[in-house]
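Please walk through this protein with me, one part at a time, keeping the sequence and the model side by side.

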Amino acid sequence: MLATMLYGAGDVRCEEVPEPKIIHPTDAIIRLSASCICGSDLWPYRGLNDVPGPMAMGHEYCGIVEEVGSAVTSVRPGQFVVGSFCISDNTCPNCRFGFQSSCVQREFMTGAQAPLARVPLADGTLVATPALPPDDLIPSLLAVSDVLGTGWYAADAARVREGSTVVVVGDGAVGLMGVLAAKQMGAGRIIAMSRHKTRQDLALEFGATDIVSERGEKGVALVKELTGNIGGDSVLECVGTQESMAQALQCARPGAMIGFVGVPHGVEFDGQSLFFAQVGLMGGPAPVRRFLPHLMELVLARKINPGKVFDLTLPLSDAAEGYRAMDERRAIKTLLRV
Ligand SMILES: [Zn+2]
């Protein structure tokens with residue numbers, strides 16, 4: 001089969017690889033309905049993470065179960081499933097505490113930019129739909145697997161409540177999903193920080209009430225102006241750079257929570273500023289598994305349409321162009337037809 005492999009910075013290839021096989025009795029093989037490229041795939045693509053050897057790319061997936069190992073009991077061949085990018089048993093103390101992304105058996109999904117993928121710990125990781133979903137819902141169900149789950153976690157970690165004032169730092173796909181999540185959680189005001197017209201429009205469509213297109217001191221000043229000089233109750237940090245984290249900290253009111261889901265690259269905290277900021281920080285890889293049943297239900301009931309975040313669709317064989325388009329910000333998120 002054809003699959004996407006990353007060889008080094010800027011060098012992504014779609015090439016022939018062997019089909020995945022069941023290795024452990026707890027594995028499942030799924031036939032993907034669609035795949036996509038994640039913002040976090042751009043870190044190694046841009047040379048910001050080491051690429052020790054060819055890497056099988058892709059960790060967002062949904063599709064039909066093709067085969068299961070002998071120990072799998074909760075899903076069966078023919079069912080449509082969605083799973084998280086974090087593989088989890090869903091039974092250990094961390095999973096039961098709602099942090100499946102820190103499962104004691106955690107693995108990170110790989111190799112999902114391909115027509116077939118092996119999902120370890122299938123019972124704990126996968127959630128099946130009651131029936132095969134209609135084709136037009138596939139992009140939204142795929143989004144649940146990571147980008148929506150992560151935006152949702154940012155809002156959950158930032159304790160968005162009915163009537164909250166929420167500031168979203170980052171207008172990438174995750175930030176936009178954070179806007180959607182905050183809206184669903186009943187936020188009264190959602191301030192999206194975005195400099196790009198198409199992303200601003202999508203943020204407004206997903207529920208943003210205000211757009212701040214400035215960054216740095218100016219951006220902070222505008223957020224303060226919009227919030228009676230106080231700052232947001234909840235701040236979603238969806239980028240992972242020093243600048244975006246500084247922005248998030250300065251836009252948070254004392255007592256606020258910051259949900260940070262952008263994988264930090266070079267982010268450092270100053271203890272004393274943090275002490276006096278009086279904000280809470282909760283972040284990390286999203287425990288998407290905790291949210292899967294609810295988010296899948298919202299999609300199947302057509303109450304949310306996170307699939308709109310895909311603004312470029314390409315065949316898997318053009319994955320390299322999908323990476324380039326996202327790297328150059330020509331696309332927010334690329335869906336790959338498999
Ligand atoms: Zn676990």
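What covers the buried residues of α8? Before the answer, two remarks on reading are needed. Residues are numbered from 1 along each chain as its sequence is written. The model is predicted, and local features need pLDDT of at least 70, side-chain atom pairs count only at pLDDT 80 or more, while totals for chains, interfaces and linings use all residues.

The cover of the buried residues of α8 includes β11, α7, β14, β15 (252-260) and α9 (271-277); helices (H or I, at least four residues) and strands (E, at least two) are here DSSP runs, numbered from the N terminus. In helix α8 (residues 242-251), 8 of the 10 residues are buried, so this helix is largely enclosed by the rest of the structure. A residue is called buried if 20 or more other C-beta atoms lie within 10 Å of its own, exposed if 12 or fewer, and partly exposed in between, with C-beta atoms placed from the backbone. The buried residues of α8 are S244, M245, A246, Q247, A248, L249, Q250 and C251.

Two of these, A248 and L249, are touched by I258, which also touches A158, V235, E237, A252, V279, G280 and L281, not counting residues up to four places away in sequence; contact means that the C-beta atoms of two residues, placed from the backbone, lie within 7 Å. I258 belongs in turn to the largest nonpolar core, which has 111 residues, and it is among those with the most contacts inside that core, together with A28, V168, V169, M177, V179 and V235. Such a core is a set of buried Ala, Val, Leu, Ile, Met, Phe, Trp, Tyr and Cys residues joined through C-beta atoms within 7 Å. Helix α4 (residues 138-157) gives the most to this core, with 11 residues. The core draws at least three residues from each of domain 1 (2-147 + 287-337) and domain 2 (149-283), the bounds of which come from an automatic or database domain assignment.

How do these two domains stand to one another? The C-alpha centres of domain 1 and domain 2 lie 26 Å apart, and their contact takes 19 residues from domain 1 and 16 residues from domain 2. On the side of domain 1 that touches domain 2, α4 and α10 (288-300) each supply at least two residues, and the largest share, 4 residues, comes from α4. The residues on that side of domain 1 divide into 12 nonpolar, 4 polar and 3 charged, where Ala, Val, Leu, Ile, Met, Phe, Trp, Tyr, Cys and Pro count as nonpolar, Asp, Glu, Lys and Arg as charged, and the others, Gly among them, as polar.

We turn now to the sheets. An open sheet of 6 strands has the order β13-β12-β11-β14-β15-β16, with parallel pairing; two strands pair if DSSP finds at least two bridges between them. At the edges stand β13 (210-212) and β16 (280-283), each with a single partner strand, so one side of each is left without a neighbour in the sheet. Neighbouring strands of this sheet are turned by 20° against each other on average, direction ignored; axes are lines fitted to C-alpha atoms, for helices over the stretch in contact, and angles run from 0 to 180 degrees between N-to-C directions. Within the sheet, strand β11 (residues 165-169) and strand β12 (residues 189-193) pair in the parallel sense over 5 bridges, and T165 stands opposite R189 in β12. Helix α7 (residues 216-226) packs on the sheet and touches β11, β12, β13 and β14 (232-237), its direction making about 155° with that of β13.

Another open sheet has 3 strands in the order β2-β1-β4, with antiparallel pairing. Its edge strands are β2 (11-16) and β4 (55-56), each of which pairs on one side only. Strand β1 (residues 2-8) is joined to β2 by 6 bridges, and T4 has C14 as its bridge partner in β2. The two strands β1 and β2 form a hairpin with 2 residues between them, and G10 in the turn has a positive phi of about 70°. Helix α11 (residues 319-327) lies across β1 and β2, running at about 160° to β2.

N229 lies in the loop between α7 and β14, and it is exposed, with 10 other C-beta atoms within 10 Å.
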